[in-house]
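Visitor: I would like to learn how to read aromatic pairs and confidence in a model. Where do we start?

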Amino acid sequence: MAEHAEDAAHKPETLMEKIADKLHVGGGGDHHSSSSSDSDADERPRPSAPPAPAPAHAPASEFATASFADTASVAAADAKDKMFRLFGREQPIHKVLGGGKPADVFMWRNKNISAGVLGGATAVWIIFELLGYHLLAFLCHGLIFSLGILFLWSNASSFINKSPPQIPEVFIPEDLVVNIALSTRYEINRAFANLRQIALGRDTKKFLIVIVGLWLLSILGGCCNFLTLIYIVFVVLHTVPVLYEKYEDHIDSYGEKGWIEVKKQYAVFDAKVLSKVPRGPLKDKKN
């Protein structure tokens, strides 16, 4: 009986233990399954958040402003390039004058040098025009004064304990003389060729321009002598290009209006007079 009671008491405990073990295992399985599901949920790729909408108005307006500014600048540059320019030039006035050191002097790129050159030209004009000096007398007097000073300085240097004057050797390079001669020859030949074309009657417009220019030059030459004329041209070269560069657009606008009026008058003159004048042959006769 005692053994049977012990077995009976032992069985419920065993049964309860089994139930408890099953419950424990089941709870652990649920916990494992829940944790695995959580891990699966964590590992499962989540849909990314939609990107924040870009500010539509600001970039579009900035882009539109930038494109409009670029278009306006390009249009302004094209309009400026197509604008009427005096004498049909397509380059800046500095390039028209040569673009070298003489152009820098005429355009006052270095004010000290330009002022010195203009002041020297003014002094020469005053000496020869107002004081009545002649060129040969001026050169002789200048050489006498310079050679006298240098001669006395060289001989007196030993008495006054000073070094004699250092007189540099001056010589004219051959290349410079050849280049000047070639440039002068080219310009003279081109002038002769233009005069020949005008004399043959092939360009009436150029003929009228040359005739009017020579007539105005003769009037100016009758009012002053050659030295004064050169000085006037020198002063004009030092003043007109600078003023033209400063007020280029305004001067060109007025020049365009004047040029249009000149073309109208020339068309009338051509229709009434020049068209009735017999012209020379268009081509030279072949031998």
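Guide: With a definition. Buried means under 20% relative accessible area, exposed means over 50%, and partly exposed lies in between. At 31% relative accessibility, Phe 138 therefore counts as partly exposed.

Visitor: How far should I trust the coordinates?

Guide: Where pLDDT is low, predicted coordinates should not be read in detail. This is a predicted model. Its chain has a mean pLDDT of 74, with 65% of residues at 70 or more. Residues 1-12 have pLDDT below 50, and beyond near neighbours in sequence that stretch makes zero contacts in the model. Residues 25-45 are also below 50, with one contact beyond near neighbours.

Visitor: How is a pair of aromatic rings described?

Guide: By the distance of the centres and the angle of the planes. Here the count comes to four aromatic pairs. One of them joins Phe 106 and Phe 234, with 6.4 Å centre to centre and 80° between the planes. That pair is edge-to-face.

Visitor: Which parts of the chain does the pair of Phe 106 and Phe 234 link?

Guide: Distant ones. Phe 106 sits in helix α4 (residues 101-106), and Phe 234 in helix α9 (residues 226-246). They are 128 residues apart.

Visitor: Is Phe 106 buried or exposed?

Guide: Buried, because its relative accessible area of 16% is under 20%. Phe 234, at 24%, is partly exposed.

Visitor: Why is the pair of Tyr 133 and Phe 138 edge-to-face?

Guide: Because the planes stand at 75°, over the 60 degrees required. The ring centres are 6.0 Å apart. Tyr 133 is partly exposed at 34%. Phe 128, Tyr 133 and Phe 138 form one aromatic cluster.

Methods
Residues numbered from 1 in each chain as written. Predicted model: local features only at pLDDT ≥ 70, side-chain atom pairs only at ≥ 80, totals over all residues. Heavy atoms only, no water. pLDDT = per-residue confidence, 0-100. Contact = heavy atoms within 4.5 Å. Phe/Tyr/Trp six-rings, centres within 6.5 Å; stacked < 30°, edge-to-face > 60°. Helix = DSSP H or I, 4+ residues; strand = E, 2+ residues; numbered from the N terminus. Buried < 20%, exposed > 50% of the residue type's maximum accessible area, 1.4 Å probe, protein only.
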